[in-house]
Amino acid sequence: QVQLVESGGGLVQAGGSLGLSCAASGRIFSINGMGWYRQAPGKQRELVAAITRGGSTNYSEFVKGRFTISRDNAKNTVYLQMNSLKPEDTAVYYCNADIMPLFSQFGNYWGKGTLVTVSS
C-alpha cells in the first residue's frame, strides 16, 4: 500500500526557519508531480508549492522568495524549506503526490499532515 509520511513540523518563532520532508513508501513504480498544501484553522486547503519529476517548480504568491520545494527522486521524497516564517504560515501542511503503484494506475495521494506553528 502506498503511503506519504510527512515529518519536520513543529513550533518556531516568527522570522525563523523550518524544514519539512515527505517520503513515499510502498510498492511504487513511478511518481510524477509532488507538492505541499496547507490548511489553517477555519480555512480551505491551499497549494503552497509543487514540483514536477523533472524539477520544475511552482509557488503560491504568499510563499515566493521564502519557501523552497525540492525532491529526491531516488528516495521518493519531497522537501519544503521554509524561511522567514510568519504567524500566518501557521497551518497543517500536507504532502501530495501523483503516484503509480506497481501493476496499477496513477492515483493522487495525500499524507496525514504535519502541524507548523509560528509564534509572534
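This is a predicted model: local features need pLDDT of at least 70, side-chain atom pairs count only at pLDDT 80 or more; totals for chains, interfaces and linings use all residues.
Is Ser84 buried, partly exposed or exposed?

## Overall fold

The protein has 11 strands and zero helices.

Along its principal axes, the C-alpha trace spans about 50 × 25 × 20 Å. Now take the contacts between residues at least 6 apart in sequence. Of these, 55% join residues at least 24 apart.

## Surface and charge

Of the 120 residues, 38% count as buried. The accessible surface comes to about 6500 Å². Carbon and sulfur atoms account for 49% of that surface.

The protein carries 11 positive and 7 negative charges.

## Two loop residues

Ser84 sits in the loop between strand E8 (77–82) and strand E9 (91–101). Its relative accessibility is 42%, so Ser84 counts as partly exposed. Partly exposed covers the range between buried, under 20%, and exposed, over 50%. Ser84 is not a glycine, yet its phi is positive, near 50 degrees.

Phe103 lies in the loop between E9 and strand E10 (107–110). Phe103 also has a positive phi, about 60 degrees, although it is not a glycine. Its relative accessibility is 77%, so Phe103 counts as exposed.

Terms used. Residues are numbered from 1 along each chain as its sequence is written. Side-chain values use heavy atoms; hydrogens and water are left out. Helices (H or I, at least four residues) and strands (E, at least two) are DSSP runs, numbered from the N terminus. Buried means under 20% relative accessible area, exposed over 50%, partly exposed in between (1.4 Å probe, protein chains only). Contact means heavy atoms within 4.5 Å. Accessible areas come from the Shrake-Rupley method with a 1.4 Å probe; for residues, only the protein chains shown count as cover. Lys and Arg count as positive and Asp and Glu as negative; His and the chain ends are not counted. The place of a charge is taken as NZ of Lys, CZ of Arg, CG of Asp or CD of Glu.
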